[in-house]
Amino acid sequence: MRISTFVAFMLVTAAASAAQPAAAAYNLPWCATYYNNNVVACSFTSFEQCMASVSGVGGHCTWNILYPPRAPYTVSHRVKSRRISGNN
């Protein structure tokens, strides 16, 4: 019984410490590609913020093609009701 409890504890510990996927907050509009280690970081909200990050260490900034575009603005079309008058 103690061995099965120990094995269960080890499995839960291993599952809890497994690598987690990156958070969605890192899929922002601008990506920085750093020259020295070829890392791409898409965690910038503006081009200026991205350029400040790569300045001095070398790299360039590009638009994140995987960033979800905003939904286009649509005007709702309301159907006008036609009332038929009883007096013809």
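Is L66 buried or exposed? At 66% relative accessibility, L66 counts as exposed, where exposed means over 50% relative accessible area, buried under 20%, and partly exposed in between, with a 1.4 Å probe and protein chains only.

A word on the model. It is predicted, so to speak of local features we need pLDDT of at least 70, side-chain atom pairs count only at pLDDT 80 or more, and totals for chains, interfaces and linings use all residues. Residues are numbered from 1 along each chain as its sequence is written, and side-chain values use heavy atoms, with hydrogens and water left out.

Back to L66. This residue sits in the segment after β3, residues 59–63; strands here are DSSP runs of E, at least two residues, numbered from the N terminus. Together with W63 and I65, L66 makes a nonpolar surface patch of about 420 Å².

F44 belongs to strand β2, residues 39–44. Its relative accessible area is 9%, so F44 is buried. Setting aside residues up to four places away in sequence, F44 touches L28, P29, W30, A32, Y34, Q49, C50 and S53; a contact means heavy atoms within 4.5 Å. One of these is W30, 14 residues from F44 along the chain, with the two C-alpha atoms separated by 5.0 Å.

T33 is in strand β1, residues 30–34. T33 is buried because its relative accessible area is 14%. What does T33 contact, leaving aside its neighbours within four places in sequence? The list is N38, V39, V40, G58, G59 and H60.

How values were computed: Helix = DSSP H or I, 4+ residues; strand = E, 2+ residues; numbered from the N terminus. Patch = residues over 30% accessible without salt bridge, like charges linked within 9 Å, V, L, I, M, F, W, Y side chains within 5 Å. Areas by Shrake-Rupley, 256 points an atom, 1.4 Å probe, with all protein chains shown as cover. Salt bridge = Lys/Arg side-chain N within 4 Å of Asp/Glu carboxyl O.
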